[in-house]
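Biologist: Please take a close look at the surroundings of the ligand and describe them in one connected account.

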Amino acid sequence: MDQFEIEERANRIDEIYVAHTSAHRAVAGIEDCLRRSLTAAEPLNAVLIGRAGTGKTTVCNAVLQHLPRRIDVREGKEVTVIPAFYSEIPSPATIRGVASSLLGALGDVHPDRGTAINLTHRVITQLKACETRLILLDEFQHLLDEKRSRREEYRQDVSNWVKTLINKTHVPMVLVGMPECEVLVDADPQLARRFQRRFRLDNLGFGGKEKGEFRLFVEALGAAIPEYCNLAGFPDLSSKTEALALYAASGGNPSYATGLMKETVIVTLRARRETTTMEDFAAAYDIGVSQSGSLVKINPFRLSQEELVRNIKNGFRGVN
Ligand SMILES: Nc1ncnc2c1ncn2[C@@H]1O[C@H](COP(=O)(O)OP(=O)(O)OP(=O)(O)O)[C@@H](O)[C@H]1O
Ligand SMILES: [Mg+2]
């Protein structure tokens with residue numbers, strides 16, 4: 001098996017979606033906004049926030065899965081129907097940049113040609129032509145960074161543009177970004193009023209007597225990986241010791257956890273084996289993929305459960 005095939009098999013982990021409680025709540029809530037906006041006088045918009053790697057873009061993709069693009073025939077003419085789409089606020093965040101990014105997602109052939117006013121006009125026309133019912137606008141925190149957007153007037157410009165677009169098109173919007181960008185919405189009463197629904201994602205908890213979201217998350221992934229990656233076997237991640245080691249390695253962050261699992265599958269396949277062991281997890285951890293998210297300083301896959309618990313506690317106190 002060549003490297004490409006090995007990596008392709010491991011990367012299939014990206015296709016697994018786990019509807020853990022907060023992800024499910026966000027997906028259902030966004031779908032609710034779309035449905036209710038169809039009959040409401042004003043569209044229902046939402047903000048989806050979470051730290052890096054907590055699954056914001058994954059939630060957007062889960063929403064889009066249920067709303068695929070299609071070609072319809074209207075009065076003998078083919079039209080592309082885009083019920084919902086995903087776009088990103090570019091950095092630096094300018095009106096022209098945002099409009100161009102939306103146009104690109106809407107299939108405009110020259111999304112970067114034209115003035116801000118011209119591009120905005122095309123966005124409005126295109127949203128109508130494509131019968132769009134929902135816009136997912138990611139990387140909202142780009143309004144906070146870069147020298148240009150740090151200047152109040154640029155932020156105001158884009159915020160006002162978003163408001164106007166919603167007013168003119170009646171298409172609900174979900175602003176997606178890091179927790180710090182919520183202040184941008186709350187600082188403007190008109191924006192705060194339009195974006196009342198808030199969905200939050202965070203690192204997943206391990207739980208106590210009852211299994212927490214993290215345990216259920218890795219259990220679901222572990223159960224799906226053999227089929228997706230075509231492996232003969234994978235460790236049982238419903239076991240507390242194994243799940244705790246993964247929790248220590250990732251801090252409960254979904255992105256660090258899946259990143260480590262991918263690296264582990266690569267370690268297995270490179271050793272020309274088809275069954276993953278916990279030793280493969282230890283080797284993958286040594287490579288360093290999840291170490292910046294780790295709660296411990298020693299490889300957690302080489303510790304007993306007792307040592308692991310002690311190391312996690314010490315790690316939290318910052319003494320190990
Ligand atoms: N619900 C989920 N089911 C399965 N995997 C998930 C889920 N949420 C997150 N992941 C994993 O974590 C990775 C990172 O998630 P994602 O890109 O959605 O995070 P993000 O919050 O958008 O991060 P960033 O702020 O850096 O853009 C995904 O590629 C996936 O492997
Ligand atoms: Mg993202």
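Modeller: A residue counts as near a molecule if one of its heavy atoms lies within 4 Å of it. This is a predicted model, in which local features need pLDDT of at least 70 and side-chain atom pairs count only at pLDDT 80 or more, while totals for chains, interfaces and linings use all residues. Residues are numbered from 1 along each chain as its sequence is written, ligands are numbered from 1 in the order in which they are written, and side-chain values use heavy atoms, with hydrogens and water left out.

Ligand 1 is surrounded by 18 residues, the closest being Val 18, Lys 56, Thr 57, Thr 58 and Thr 258. Among the polar contacts (pairs of N or O atoms within 3.5 Å), an N or O atom in the side chain of Lys 56 is 2.7 Å from an oxygen atom of ligand 1, a polar side-chain atom of Thr 258 lies 2.8 Å from an oxygen atom of the ligand, and Ser 255 has a backbone N or O atom 3.4 Å from a ligand oxygen. The protein buries 80% of the 630 Å² that ligand 1 exposes when taken alone, with accessible areas from the Shrake-Rupley method and a 1.4 Å probe.

Helix H3 (56–65) and helix H12 (254–270) are the elements that give two or more residues to this shell, helices being DSSP runs (H or I) of at least four residues, numbered from the N terminus. Domain 1 (3–14 + 207–317) and domain 2 (21–201) each supply at least three residues to the shell, their bounds coming from an automatic or database domain assignment.

Key. A polar contact is a pair of N or O atoms within 3.5 Å; within protein, one must be able to donate a hydrogen and the other to accept it, and residues adjacent in sequence count only if both atoms are side-chain atoms.
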